[in-house]
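Here is a briefing on one structure, grouped by topic. Look through the sequence and the model before reading on.

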Amino acid sequence: MSSNAGRPPFAERKYRAVTAVQRRLNAVLRRLPTQTLLETTGRVSGLPRRTPVGGRLVGDSFWLVSEFGERSQYVRNIRTDPRVRVRVRGRWHTGTAHPLPDDDPVARLRRLPRFNSLAVRAMGVGKGLLTVRVDLER
């Protein structure tokens with residue numbers, strides 16, 4: 001009999017552990033004025049939901065990679081309502097978010113801030129990475 005009998009697979013255990021840490025850490029990070037935030041509308045509550053993210057402004061778009069892909073709560077919120085706000089360098093921008101399943105998220109991470117890219121790779125599970133582009137209004 002396997003010692004893992006009845007235990008969820010590694011990817012599921014990692015997801016649970018990382019999200020538990022993120023819940024506590026994100027509560028602190030959201031308060032930092034320099035932290036980049038993604039604000040979505042809760043798909044059930046209709047309330048604003050702010051998530052610390054890493055990414056980069058490129059022209060009129062903000063690019064990020066979700067470490068849990070379609071399983072991320074903010075991606076699920078975007079699927080329901082793609083209108084979002086992004087706070088970059090203390091300034092809020094309104095835009096429309098587009099999950100890009102055909103984009104190569106690993107290649108995209110090479111073009112995003114190094115520290116965030118390392119964190120996404122470390123926290124992500126398997127092939128669950130997903131690129132998200134936010135087209136900003138000007």
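The buried residues of α2 pack against β1, β2 (48-52), β4, β5, β6 and β7. Helices (H or I, at least four residues) and strands (E, at least two) are DSSP runs, numbered from the N terminus. Buried means under 20% relative accessible area, exposed means over 50%, and partly exposed falls in between (1.4 Å probe, protein chains only).

This is a predicted model: local features need pLDDT of at least 70, side-chain atom pairs count only at pLDDT 80 or more, and totals for chains, interfaces and linings use all residues. Residues are numbered from 1 along each chain as its sequence is written, and side-chain values use heavy atoms, with hydrogens and water left out.

**Helix α2**

- The buried residues of α2 are Tyr74, Val75, Asn77 and Ile78.
- They cover an arc of only 160° around the axis, which puts them on the same side of α2. The arc is that of the directions from the helix axis to the C-beta atoms.
- An α-helix has 3.6 residues a turn, so residues three or four places apart point the same way.
- Tyr74 is in contact (heavy atoms within 4.5 Å) with Leu38, Thr40, Thr51, Val53, Leu64, Val65, Ser66 and Glu67, leaving aside its neighbours within four places in sequence.
- Thr80 is also found in helix α2. At 52% relative accessibility, Thr80 counts as exposed.
- Thr80 and Arg43 are 37 residues apart in sequence. Their C-alpha atoms are 6.0 Å apart in space.

**Nonpolar cores**

- A nonpolar core is a set of buried Ala, Val, Leu, Ile, Met, Phe, Trp, Tyr and Cys residues joined through side-chain atoms within 4.5 Å.
- The largest nonpolar core has 15 residues. Leu38, Phe62, Tyr74, Ile78, Val132 and Val134 touch the most other members.
- β4 (61-66), α2 (73-80), β5 and β7 are the elements that give two or more residues to this core.
- β7 gives the most to this core, with four residues.
- Another core lies apart from it and has six residues, among them Trp63, Val65, Leu100 and Leu112.
- In soluble globular proteins, nonpolar side chains tend to be buried together.

**Salt bridges**

- A salt bridge is a side-chain nitrogen of Lys or Arg within 4 Å of a carboxyl oxygen of Asp or Glu. By this rule the count comes to seven salt bridges.
- Glu39 forms a salt bridge with Arg85, and their closest N and O atoms are 2.8 Å apart. Glu39 lies in strand β1 (residues 37-41) and Arg85 in strand β5 (residues 83-88), so the pair ties together parts that are 46 residues apart in sequence.
- Glu39 is buried, with a relative accessible area of 11%. Arg85 is partly exposed, at 27%.
- Glu70 and Arg79 meet through their side chains in a salt bridge, at 2.4 Å from N to O. Glu70 is partly exposed, with a relative accessible area of 40%. Arg79 is partly exposed, at 46%.
- Glu137 and Arg83 meet in a salt bridge at 2.6 Å, N to O. Glu137 lies in the segment after β7 (130-136) and Arg83 in strand β5, so this pair ties together parts that are 54 residues apart in sequence.
- Glu137 is partly exposed, with a relative accessible area of 45%. Arg83 is partly exposed, at 37%.
- Salt bridges that share partners join Glu39, Arg50 and Arg85 into one network.

**Charges over rings**

- A charge sits over a ring if NZ of Lys or CZ of Arg is within 6 Å of the ring centre and within 35 degrees of the ring normal.
- The charged end of Arg85 sits over the ring of Trp92, 4.1 Å from its centre.
- Arg108 lies over the face of Trp63, at 3.7 Å from the ring centre.

**Loops**

- Arg89 is found in the loop between β5 and β6 (91-100). At 72% relative accessibility, Arg89 counts as exposed.
- Arg89 has a positive phi of about 50° although it is not a glycine. Most residues other than glycine have a negative phi.
- Leu47 has its place in the loop between β1 and β2. At 44% relative accessibility, Leu47 counts as partly exposed.
- Leu47 touches Thr40, Thr41 and Gly42, not counting residues up to four places away in sequence.
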